[in-house]
Amino acid sequence: MRIGVHPNNLHLRLARLWPGAFADLQPIFVSYAEGRDTAALLESGEIDLGGTGSTPPLEADMRGLGVEYIAASAPRPANGAIFVRSGSPIGSVAELKGRRISLIDGSFHTYLLARSLEGEGLSLPDVERIESGARDALADLLEGRVDAWVAMSPRLEKALERDDVRPIVRCGAAIPNRSLFWTLQRNGLSAAETRAIVSELSRIGTEIAADPRTAAKLLASGDRGGSGDRGGTDIDAWEKVVRSRDFTVFPIDDEIIAEQQEEADTLLRHGHFDKPIVLERSEMTK
């Protein structure tokens, strides 16, 4: 099985480094740059399984690719926030109207921003979204090229320790922020393979939670396959990241599908999607 690994999915990033991970599935771990590439790699057959935030599989469904959800993490409320400069006059999400917001658009950043704005009677068209890509988004914020920055781990934890930026909203106040593990229906994973994936993700998650220091050392050492942290995060910083999140993994259920449906409907209301998505659990995951 070809398992995709990108820097921002720590569960699969650690699985690649964890002894014996997915051994029964004869894994080949395939590195790639970011979660938004997952759908294209699944479509081309370069990978059979990927893990991302909640938004990329919806983007894939918008393209008519037929997403097959396999598993989901527990909510990760600490893994995202919107920051402004400490000296900024912006004191709340309501004051983001007309402002430039740096984010990875099409990731969970988009949903976090949409839900945060919606709580203040605003919508995505009320702000200017600036794609951060490979840019140094923190530098862009500090140097005034943007007014706010949507951040995630591990840069989030570093930003929270600084005195020149401050958060105005955290993920847990707006969205569940789960990791989702998924494929495409066309890839034809069997029910047995799906069960094995869920079981192995769960086992690895339990072992990570029981030994966060080892997980931190693996992450800090970097992944020679190319998914190491660009920010040079050290062991102590990685341990904080690992301890801050719940690595529990569940099979897909009606609650998670309902969360995905709510996100799809929200992004449609905000004009990010131009047509409705109707999600249903497949027979494989029932």
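**View 1. Pro154 in its loop, in a predicted model.** Pro154 is found in the loop that links strand E8 (148–152) to helix H6 (155–160). The peptide bond from Ser153 to Pro154 is cis. Its omega is near 0°. Most peptide bonds are trans.

**View 2. Phe22, a residue with positive phi.** Phe22 is found between helix H1 (10–17) and strand E2 (28–31), in the loop. Its phi is near 60°. Most residues other than glycine have a negative phi. Is Phe22 buried or exposed? The relative accessibility of Phe22 is 1%, so Phe22 counts as buried.

**View 3. Asn177, with a positive phi in another loop.** The loop holding Asn177 runs between strand E9 (165–170) and strand E10 (180–184). Phi of Asn177 is near 55°, and this residue is not glycine. Asn177 counts as buried because its relative accessibility is 7%, under the 20% cut-off.

**View 4. An open sheet of 4 strands.** The order is E3-E10-E4-E11, and the pairing is antiparallel. Strand E3 (50–52) and strand E11 (249–251) are the edge strands. Each pairs on one side only. From one strand to the next, the twist averages 35°. Strands of a sheet pair through backbone hydrogen bonds.

**View 5. Strand E4 beside E11, with two helices on the sheet.** Strand E4 (residues 67–73) and E11 run antiparallel, joined by 3 bridges. Ala71 stands opposite Pro251 in E11. Helix H7 (residues 191–210) lies across E4, E10 and E11, at about 25° to E4. Helix H10 (residues 254–269) also packs on the sheet and touches E4, E10 and E11. The direction of helix H10 makes about 110° with that of E4.

Terms used:
Residues are numbered from 1 along each chain as its sequence is written. This is a predicted model: local features need pLDDT of at least 70, side-chain atom pairs count only at pLDDT 80 or more; totals for chains, interfaces and linings use all residues. Side-chain values use heavy atoms; hydrogens and water are left out. Buried means under 20% relative accessible area, exposed over 50%, partly exposed in between (1.4 Å probe, protein chains only). Two strands pair if DSSP finds at least two bridges between them. Axes are lines fitted to C-alpha atoms, for helices over the stretch in contact, and angles run from 0 to 180 degrees between N-to-C directions. Contact means heavy atoms within 4.5 Å.
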